[in-house]
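Visitor: I would like to go through this entry feature by feature, with each term given its cut-offs.

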Amino acid sequence: MDDVLLGRIITASTLSFHIIFATLGVGIPIVIMVMEFLGIKNKDSQYMTMARRIAKGFTVTIAVGVVTGTIIGLQLSLIWPDFMRLGGQLIALPLFMETFAFFFEAIFLGIFLYTWNRFKNPWHHWLLNIPIVIGSTLSAVFITSVNSFMNTPAGFDLAEDAFVNVDPIAAMFNPSVYVRVFHVVATAYMTAAFILASIAAFKLIKNKFKKDREYHMKGLKVTMAIGLVMSLLTIVAGDFSAKFLHNEQPEKLAAMEWHFETEPYADLVLFGVLDEETQEVNYALRIPWALSFLSGNSFDTEVTGLNDIPEEEHPPMVIHYFFDLMVFFGMYAFGVSVIYFIVKKFTRFNEHHPALLYAYFLTGPLSMMAIEAGWFLAEMGRQPWIIRGYMRVAEAVTNADGLGLVLIAFIILYIILGFTCAYVLIKMFNNSSAEASRAEYYGEGVDAK
Amino acid sequence: MMDLNYELIGITVLWTFLYGYIIVAAIDFGAGFFNYYAIETGQHRTVSHIIQRYLSPVWEVTNVFFVFFFVGIVGFYPDTAYYLGTTLLIPGSIALILLAIRGSYYAFNASATKPRKSWAFLYGVTGLLIPASLSVVLVISEGGYIYEDGDGVQLNIQELFFSSYAWTIVFLAIILVLYISSGFLTYYASKAKNKDAMETFRNWFLIWSLPMLVISQFTFLSLREHNYEHFQSAQDYWYLFGLSLLAMIIAVFLIWKKRNFGLAFIMIMLQFGFAFYGYGISKLPYILYPYIDINTSVVNEAMAFSLTVAFVLGLLLLIPSLILLLRLFIFNAEYVEGKNEEGY
């Protein structure tokens, strides 16, 4: 294999492993914050226990998130040294600020996790949630800013192979940053909520501890509510993204929709198979005029087709599938959470019917797969560029030998870490009843409200 | 824009963060190793809970010091990404894998219902291998192991592997970890009023102070062999190295006499501080001899200015937070002693 491909696979495997833990790292603090709030406010020891148990599992996922984050941070220089040499000149500021946000979060997370018993006033402990949520969300904001720069570079002029008039603030607040930050943060909150909803649903389907049912029903309700709100925001963010791509990165939009001719009244293509030679799309579901509408809020919006973009700048056509998967999985979670509340509020059916529980259970894994698909779409969609319009990935890859070995070593590492992490989490919660934890933390006699 | 000397600001900031990282990481790595060693030798009942009590809330913060350093160095001196990034592909990847194993298995073991000896082994032993592998970067920065050809820069791995200077630095790093962390744990156990643990840590510290003294002398000798220019400029700062030795004598004396462990640990920090800054100052202006000179490779002025501003604002946020963390977990007698706490 050539070095560019190897480098891309190494980076892709690190990022797709890291993103699972990073997403949880950004999203779970919000859920813990809500649970602890409900617990303190309603004096409900079940919500308090929930916050503590989630935090306990979170310690494990955050550890893997931290180490894989460290890996990708350094791998950027190890695999793409020329890119980082250039990046240091242009986007060091958000990278640097990301570590500050991360530092801030790490300090307060350390305090939060080990001070459950040290405050007389529980609200003081709750306040620790605020710097954690700020820190974790700001990390996502800054790192997304770096990635946005790679998609829509700004804040410098190019003069004969050198960068002049570098403006770090303009580079940080490049054109795509707002849309992407919104999308990343909303989907992280959404996915974390649905992952926890999946756990609650799973525990309602299959659980050794019958007395835990009430606890898991409460957990399901709160996580479904957070998931519903966040998936609504995600839909709004997705709509912004389509309009943004239409204006700023038409080649990505065209490739993800297999849109070849520039035309108004463009159709939205769902699923299907592409014959790249003839540009024919078979077996697809076409929604007439929808792509034009998504791009510009009117059916006569002219959408740029791939035939008007130089061929060597075409992203790979495979991103269409990632787009379909992202939308489909994301919509699934949204739809299921809507059904949950409709059944619960407006019908006389049981919202904990086994068939429904299986549907809830799928929301978490599918949302996570939507995240992965979305990032594959975003990253492959800017190929062949590493900095769109300025540097190709082929120019950025290291000339050092040994990329093949490095790839194998890291793949083995991720498999081992992934399995051990899952093993520890399953062990942690499989044999311990939530009600027993509650009694341990808050005393036998305490009743849930 | 103000006319500031960014190349010096950058290196001072980074060197200070590296100093901070080495101190906290040495405590962290050494504690993990001693924890495993205690399990093997049956001393864990005395010492392990003291070690866990310290490690739990801070291990993540340790890691951030490191991230901060390498993000900062690429930001202030982007050429480092190119030269060190290219040459360190293999050693860097090894260090990353070790760091990943240590960080995750520490957390796995601390969270598991039943801690495992094999997991304690993983984070204990990687704790000594990480400093060894990271110290390779300092070795390379002395120059002589990198050559430039038509394809770009390359690392001469053979040259590195058979170099006495490289091995001296590797042993220095390992001994330093054991020395600093046993010194800190002695202090921490004495705060916890745990006499048995304190005695054990104190013994370990006294055992490691002799190799510490020997290896520091070796470092000078092999630097003289390897980079005579740097060795000569280090002699201009002989007083820094002298102060370092003095601080070491005071530290060992205090701990030997079982007096004032807090002051003794400050002396250990000063001992390392004088030597580290002495080494750093005498190395200037090179980050990587002779390719990266701080005067010619500093980032463009606009970025340097914004990084400096971000750094100052960031510190305003971090310092109070770090003080809070220290007050809650290190300078809090009740926590350290493990007394029952009131709560909700």
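Visitor: In which helix of chain B do Arg202(B) and Glu199(B) both lie?

Guide: This is a predicted model, in which local features need pLDDT of at least 70, side-chain atom pairs count only at pLDDT 80 or more, and totals for chains, interfaces and linings use all residues. Residues are numbered from 1 along each chain as its sequence is written, chains are lettered from A and ligands numbered from 1 in the order in which they are written, and side-chain values use heavy atoms, with hydrogens and water left out. Arg202(B) and Glu199(B) are 3 residues apart, about one turn of the helix. Both lie in a DSSP run (helices are H or I with at least four residues, strands are E with at least two, numbered from the N terminus), and that helix is H8 of chain B.

Visitor: How far apart are the closest N and O atoms of Arg202(B) and Glu199(B)?

Guide: Side chains of opposite charge can pair when their charged atoms come close. A salt bridge here is a side-chain nitrogen of Lys or Arg within 4 Å of a carboxyl oxygen of Asp or Glu. Arg202(B) and Glu199(B) form such a bridge, and the closest N and O atoms are separated by 3.7 Å.

Visitor: Is Arg202(B) buried or exposed?

Guide: Buried means under 20% relative accessible area, exposed means over 50%, and partly exposed lies in between (1.4 Å probe, protein chains only). Glu199(B), at 22%, is partly exposed. Arg202(B) has a relative accessibility of 10%, so the residue counts as buried.

Visitor: Which residues are joined with Glu199(B) into one salt-bridge network?

Guide: Glu199(B) also forms a salt bridge with Lys258(B), with the closest N and O atoms 2.7 Å apart. Lys258(B) lies in the loop between H10 and helix H11 (261-283) of chain B while Glu199(B) is in H8, so this pair ties together parts that are 59 residues apart in sequence. Through shared partners, the network joins Glu199(B) with Lys195(B), Arg202(B) and Lys258(B).

Visitor: Which residue forms a salt bridge with Glu435(A)?

Guide: The search of the whole structure finds 13 salt bridges over all chains. With the closest N and O atoms 2.8 Å apart, the partner is Arg438(A).

Visitor: Which helix gives the most to the nonpolar patch?

Guide: Patches are made of residues with over 30% relative accessible area and no salt bridge, joining like charges within 9 Å and nonpolar side chains (Val, Leu, Ile, Met, Phe, Trp, Tyr) within 5 Å; areas come from the Shrake-Rupley method with a 1.4 Å probe, and for residues only the protein chains shown count as cover. The nonpolar patch covers about 560 Å² and is made by Leu210(B), Leu213(B), Val214(B), Phe218(B), Leu245(B) and Ile249(B). Helices H8 (195-226) and H10 (238-256) of chain B each supply at least two of its residues. The most, 4 residues, comes from H8(B).

Visitor: Where is Pro384(A) placed?

Guide: Most residues other than glycine have a negative phi, and most peptide bonds are trans. The bond from Gln383(A) to Pro384(A) is cis, with omega near 5 degrees. Pro384(A) itself is in the loop between helix H12 (354-380) and strand E7 (385-387) of chain A.

Visitor: What is the phi of Phe271(A)?

Guide: Phe271(A) is in the loop between E3 and strand E4 (273-275) of chain A, and is partly exposed at 39%. Phi is positive here in a residue other than glycine, with a value near 55 degrees.
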